Amino acid sequence: MSCPLSPFQVEATCGPARAGRFETTRGPVLTPAFMPVGTQGTVKGITPAQLAEIGPQVILGNTYHLGLRPGDELVRDLGGLHAFMAWPGPILTDSGGFQVFSLSSLRKIKEEGVTFQSHIDGSTHFLSPERSMEIQRNLGSDIVMALDECPPGRMERPALETSMARTTRWLQRCRAFPLGERQGLFAINQGGVHMDLRTRHLHEILDLDARTPFQGFAVGGLSVGEPKDEMNALLSEFTPTLPADRPRYLMGVGTPEDLLFGIAHGVDLFDCVLPTREARHGTLLTSRGRVKIKNARHRTSSLPLDPDCNCYACRTFTRAYLHHLFRAGEMLASTLNSIHNLSYTVGLTRAARRALLENRFPDFARRTIDQWNTEEP
Ligand SMILES: Nc1nc2cc3nc(NCCc4ccc(CCO)cc4)[nH]c3cc2c(=O)[nH]1
Ligand SMILES: [Zn+2]
């Protein structure tokens with residue numbers, strides 16, 4: 001089988017942390033990298049040109065959403081998701097498992113797949129490993145995620161073990177599916193916050209990997225309501241045990257603090273709706289900590305949002321203007337705030353990569369964290 005994604009090259013390490021790169025047919029992916037979420041074929045509120053200026057390595061699409069609306073065959077017939085949304089760079093699509101459980105109602109999970117009601121119009125749909133792969137093949141994404149069952153946080157061990165075993169059987173069915181020759185498949189590890197379950201599942205995945213290699217490994221089942229210290233404890237112990245020669249992707253994470261923690265423990269790829277969702281709610285992530293732009297103290301401020309940020313919002317407008325737009329409920333508030341939060345978050349992983357390549361990551365991380373906690377931003 002031709003390998004559409006090149007082998008992962010580790011370019012620098014600092015303990016478990018690493019800077020690396022791999023090629024897709026739509027360009028290289030330089031890691032560590034934060035991937036903006038474009039659930040319905042758009043990173044909410046910003047144009048492809050604005051996204052290109054932010055410069056993410058990869059963006060995310062969703063099988064569940066795009067399969068329901070506008071439909072994967074429509075996107076295929078119009079040239080695939082890259083053409084449809086005018087994003088020529090690498091795209092990763094999540095497989096739909098998580099979204100079915102977090103969005104749809106009345107779902108029934110069986111060995112064959114999951115039956116669910118659309119959150120849009122209540123119509124009944126069916127998602128199986130094969131159907132998820134078919135949707136992602138029609139979308140033409142560069143990185144395809146296997147269909148897994150993402151257990152809710154705090155699931156008891158016996159139920160977790162049953163769910164993991166099905167996820168492994170579904171992974172086998174995903175691996176057997178003929179994806180497009182430009183597509184790579186990532187496996188998703190489950191096991192909650194239990195190191196022994198995580199390790200058991202990884203061994204099941206590696207048995208399949210030995211026969212037909214996966215192009216990357218994701219850590220799923222986290223950032224689902226479990227206590228942060230339990231997520232971090234598991235990550236610090238488990239992440240370094242993932243194969244070092246393939247990208248490691250931590251799904252649904254996270255805050256700037258989470259990104260630095262994940263990078264320090266060997267995570268290469270991240271995605272989260274947090275930067276764009278917090279932007280729409282007026283919480284801005286800056287080099288000096290969070291800024292709630294609707295706070296009265298910004299009403300007359302002629303300062304830029306973040307003196308260390310060169311994004312379009314920070315180089316063009318004052319805090320007073322961003323405060324006004326948000327208070328007035330203007331659409332531009334979401335756009336400018338999202339441009340900034342994504343620039344900050346993508347920029348943070350880019351700066352971490354540079355620090356790793358220049359062998360100064362511990363100092364970079366320390367300074368970054370100290371600056372978040374200094375004066376009122
Ligand atoms: N296929 C698959 N996809 C996932 C996506 C996930 N996304 C998360 N967490 C995101 C949680 C999350 C949701 C919203 C916000 C914004 C708050 O302002 C932040 C985090 N965990 C996840 C786990 C999985 C998983 O096991 N399998
Ligand atoms: Zn900015």
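A helix here is a DSSP run of H or I with at least four residues, and helices are numbered from the N terminus. With that in mind, and remembering that this is a predicted model, select helix α10, which covers residues 256–264. Its buried residues are Pro256, Asp258, Leu259, Leu260, Gly262 and Ile263, and after α10 comes Gly266, whose phi is positive, near 100°. Now step back to the loop between β13 (248–250) and α10, where you will find Gly254; the peptide bond that joins Val253 and Gly254 is cis, with omega about 10°.

Another cis peptide bond can be shown by selecting Thr31 and Pro32, between which omega is near 0°. Pro32 sits in the loop between β3 (27–31) and β4 (33–35).

Next, select ligand 1 together with the residues around it, of which there are 19. Which of these residues come nearest? They are Asp94, Asp148, Gln190, Gly221 and Leu222. If you display distances, a side-chain N or O atom of Asp148 is 2.7 Å from a nitrogen atom of ligand 1, while a backbone N or O atom of Gly221 is 2.7 Å from an oxygen atom of the ligand, and a backbone N or O atom of Leu222 is 2.8 Å from a nitrogen atom of ligand 1. On its own ligand 1 has 600 Å² of accessible area, and the protein covers 81% of it. Colouring the shell by class shows nine nonpolar, six polar and four charged residues, and helix α11 (residues 274–280) gives the most to this shell, with three residues.

Move on to the zinc ion, ligand 2, and select Cys309, Cys311, Cys314 and His340, which coordinate the ion through SG of each cysteine and ND1 of the histidine, at 2.1 to 2.3 Å. Why is the arrangement tetrahedral? It counts as tetrahedral because the four donor atoms subtend angles of 100 to 118° around the zinc ion. Along the sequence these donor residues follow the spacing C-x1-C-x2-C-x25-H, and both Cys309 and Cys311 are buried.

Finish with two residues that have a positive phi of about 60° although neither is a glycine, namely Ala86 and Asn359. Ala86 is in the loop between α4 (81–85) and β6 (91–94), and it counts as partly exposed because its relative accessibility is 45%. Asn359, in the loop between α14 (331–357) and α15 (361–372), counts as exposed because its relative accessibility is 65%.

Technical notes:
Residues numbered from 1 in each chain as written. Chains lettered and ligands numbered in written order. Predicted model: local features only at pLDDT ≥ 70, side-chain atom pairs only at ≥ 80, totals over all residues. Heavy atoms only, no water. Donors = N, O, S within 2.8 Å, 3.2 Å for Na, K, Ca; no water. Tetrahedral: all angles 85-135°; square planar, octahedral: opposite > 155°, others 65-115°. Buried < 20%, exposed > 50% of the residue type's maximum accessible area, 1.4 Å probe, protein only. Near = heavy atom within 4 Å. Polar contact = N/O pair within 3.5 Å; in protein donor to acceptor, adjacent residues only side chain to side chain. Areas by Shrake-Rupley, 256 points an atom, 1.4 Å probe, with all protein chains shown as cover. Helix = DSSP H or I, 4+ residues; strand = E, 2+ residues; numbered from the N terminus. Nonpolar A, V, L, I, M, F, W, Y, C, P; charged D, E, K, R; others polar.
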